[in-house]
Amino acid sequence: MLIALGIANKVPTVPLHIWLPKAHVQANVSTSIILAAIILKLSTYASLILLINLMPNAAAYFSSTLLTIGLISYIHSSLATLSQIDSKVLAAYSSVAHMCLITIGIHSNNYLALVGAILLALAHASSSAALFTLFGQVLYDRLHNRLFYYMRNVAAFAPGLKIMLLVTMLANSGLPGTINWLSELSILTGTAATNLFVAIILSTTIFTSALYSFWPYSFSTAGIAITNKFNYILDLTKLETSLLLYLLVPNFIFGINAWMLEPIILKDVVSLLY
Amino acid sequence: MLLSLSIFGPIASALIYFNFGRYLGNYSNYLMLGLYFISLTSCLLLISTTITDNLVILFSFTKLSTVLSLNLEIASTNLSQVVLTVIILVSYCVNCYAIYYMSSDAFNTKFIGLLSAFTFSMCLLAISSNFVSVFVFWELIGLFSFLLIGF
């Protein structure tokens, strides 16, 4: 349980999640990409190795506690995104929500849910990295600001930026065809097999993830701009476009052809069930 | 064959508008109307011939395990053909109106392309015979209606 507490600090789950948005706000782009895409995934790996693999009995004993903590922090963080005015804090809270979904998938002791958790770790690595690139690099470079109030209708004269914002938000919210969708669906199906109550509450994920993805999109592409400097805003450069495509194209490719991932990661999953 | 022809019109016109709309300009409107007319006639032919339910697996997300297999299945039943005809007919009229109404807009080809893509996802929702395909095309409808509202 103490190890679970240590991992819960890293995931992060609800009473211990305060550090993540603040770290994301203060960090620069590359640091927050590494933090969201890699370091948070290490907590997934640690809970797979330390909790499930090393001490399956303890994990089975505390699974209901961990599921409850995961559910509470999932609902809290997905609703907390809607009251944010800072774009990087919103991205941080959305990554908290995804990580809690992964935690629920791991601890519900089902083949499908476990596979979905691992796939969601991969999917979230790409989609959150693209989100932080957009908010931290692309928009911050142009506006020198992170607040949503100042990016109202920023993409009116930058179609490339608009399209990449849309694709990133779709990947983050789980459009059919991305790995996010596939993994969320398999986590839902897997938890429904073991614990129906958790799955019923968890099915709000489809709604809330769309909420916190489309809210910033509509904020930054619609409405009346606060300054007419946005008429001369620079569209995406080639470097930024290639970076975003490099992050997002694998998400769509593996989402449609999920069988490619099967021999790579799904081999040892059965041995992790307790 | 007729079924694929009837859903070919909206998706083909959406692709034309998105890819070649800026080169073709207003000529793409005539192309779109022709494609919709083909769809409408094939729909009416489908209704007039009573056929048994034929199931088509449109696309198969390869299964993650034996437990979860995701297939996009569509089937043409008599009810779905009636709904399909209504969708094509109404959106034909809507597109005719949109050509007139949006003609002063600079991005009118993009708007009508979105409208055609919306029609396509509605058609596939009408003929889907599987919860997976209902879910997928419902999401697509939500996406395109969001984009149309925010245009």
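Start with the largest cavity, which holds about 50 Å³ of space. A cavity here is a set of points on a 1 Å grid over the protein atoms alone where a 1.4 Å probe fits but cannot get out; grid points are joined across faces, edges and corners, and the volume is the space filled by probe spheres set on the points. Rolling a probe the size of a water molecule over the atoms shows where empty space is left. The count comes to one cavity of 30 Å³ or more.

A note before moving on: this is a predicted model, in which local features need pLDDT of at least 70 and side-chain atom pairs count only at pLDDT 80 or more, while totals for chains, interfaces and linings use all residues. Residues are numbered from 1 along each chain as its sequence is written, chains are lettered from A and ligands numbered from 1 in the order in which they are written, and side-chain values use heavy atoms, with hydrogens and water left out.

To see the lining of the largest cavity, select M1(A), A4(A), L51(A), M55(A), A58(A), A59(A), F62(A) and L66(A); lining residues have an atom within 4 Å of a point. What kinds of residue make up this lining? Eight are nonpolar, with no polar and no charged residues (Ala, Val, Leu, Ile, Met, Phe, Trp, Tyr, Cys and Pro count as nonpolar, Asp, Glu, Lys and Arg as charged, and the others, Gly among them, as polar).

Next, select helix α11 of chain A, residues 205–221 (helices are DSSP runs of H or I of at least four residues, numbered from the N terminus). T205(A) lies in this helix and is buried, at a relative accessible area of 2% (buried means under 20%, exposed over 50%, partly exposed in between, with a 1.4 Å probe and protein chains only). Leaving aside residues up to four places away in sequence, T205(A) touches Y74(A), L101(A), E184(A) and L188(A), where contact means heavy atoms within 4.5 Å.

F148(A) sits in the loop between α7 (111–143) and α8 (159–173), and W215(A) in α11, so the pair ties together parts 67 residues apart in sequence. F148(A) is buried at 2% relative accessibility, whereas W215(A) is partly exposed at 26%. Now cross to chain B by selecting F214(A) and F146(B), a tilted pair with 4.5 Å centre to centre and 55° between the planes. F214(A) lies in α11 of chain A and F146(B) in helix α5 (residues 131–149) of chain B, so the pair joins two chains. F214(A) counts as buried at 16%, and F146(B) as partly exposed at 24%.

Move to helix α7 of chain A and pick H124(A). Buried or exposed? H124(A) is buried, with a relative accessible area of 0%. Its contacts, again without residues up to four places away in sequence, are A36(A), K41(A), S95(A), H98(A), M99(A) and A129(A).

Finish with the cysteines. There are zero disulfides over all chains (a disulfide is a pair of cysteine sulfur atoms within 2.5 Å). C123(B) is in no disulfide, and the nearest cysteine sulfur, that of C43(B), is 6.9 Å away. C123(B) is buried at 0% relative accessible area.

Key. Rings of Phe, Tyr and Trp (its six-membered ring) pair if their centres lie within 6.5 Å; planes under 30 degrees apart count as stacked, over 60 as edge-to-face and the rest as tilted. On a 1 Å grid over the protein atoms alone, a cavity is a set of points where a 1.4 Å probe fits but cannot get out, and a pocket is an open set with protein on both sides within 12 Å along at least five of seven lines; lining residues have an atom within 4 Å of a point.
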